[in-house]
Amino acid sequence: AVVSTQSTGMATVWFGCNDAVIPGHPQHVPLEQFKCNLERIVCRLAAEGIQPGNILVLTPPTLNEEMLDVKYGPERIRLNTVTAQYAQCVLRVAEERGCQACDLFGMFSNAVEGGAQPFTDGLHLNEQGEE
């Protein structure tokens, strides 16, 4: 992909929800490969002229595992314990590369514990979650 930086002042990188499915699932990306992929994206953006401080990386949000069970059945392919590892990886890469970070995993965990319901199905955000 070619990045045009002539009018790009900031970049946002948000992925990991699908990568963080349990090992053995076709969508799973091992944590070390995920880290390498994220670092490559950040380095590419920086190489194209976007200052690391203007790159915002977002962690995958927490999940509502009970909602996922209702929607998709009890055979879970997504677990908060696994997603948390990917969220921590995002935060480490941001710190190492000098990027800004937004800990959606932590924010959504706190919101859900406080009674908020930011999901349509346990994974995808509803209007409240998008706010």
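Mentor: Happy to, keeping in mind that this is a predicted model. Start at the end of helix α3: the residue that follows is G98, with a positive phi near 75°.

Trainee: How many residues does α3 have, and what is its reach from first C-alpha to last?

Mentor: Helix α3 covers residues 80–97, 18 residues in total, and reaches 25 Å, close to the 26 Å expected at 1.5 Å a residue.

Trainee: Which residues of α3 are buried, and what covers them?

Mentor: The buried ones are N80, V82, T83, Y86, A87, C89, V90, V93 and A94. Their cover includes helices α1, α2 and α4 along with strands β2 and β3.

Trainee: How do I describe the packing of two helices?

Mentor: Two packed helices are described by the angle between their axes and the distance between those axes. For α1 and α3, the angle is about 35° and the axes lie 10 Å apart. The crossing of α1 past α3 is right-handed. On the α1 side the contact is made by L31, F34, K35, L38, E39, V42 and C43, and on the α3 side by Q85, Y86, C89, V90, V93, E96 and R97. These residues divide into 9 nonpolar, 1 polar and 4 charged.

Trainee: How many disulfides does a search of the whole structure find?

Mentor: The search finds 0. A disulfide needs two cysteine sulfurs within 2.5 Å. The closest cysteine sulfur to that of C89 belongs to C36, and at 8.8 Å it is too far for a bond.

Terms used
Residues are numbered from 1 along each chain as its sequence is written. This is a predicted model: local features need pLDDT of at least 70, side-chain atom pairs count only at pLDDT 80 or more; totals for chains, interfaces and linings use all residues. Side-chain values use heavy atoms; hydrogens and water are left out. Helices (H or I, at least four residues) and strands (E, at least two) are DSSP runs, numbered from the N terminus. The expected span of a helix is 1.5 Å times one less than its number of residues. Buried means under 20% relative accessible area, exposed over 50%, partly exposed in between (1.4 Å probe, protein chains only). Contact means heavy atoms within 4.5 Å. Axes are lines fitted to C-alpha atoms, for helices over the stretch in contact, and angles run from 0 to 180 degrees between N-to-C directions. A crossing is left-handed if the near helix is turned anticlockwise from the far one by less than a right angle, and right-handed if clockwise. Ala, Val, Leu, Ile, Met, Phe, Trp, Tyr, Cys and Pro count as nonpolar, Asp, Glu, Lys and Arg as charged, and the others, Gly among them, as polar.
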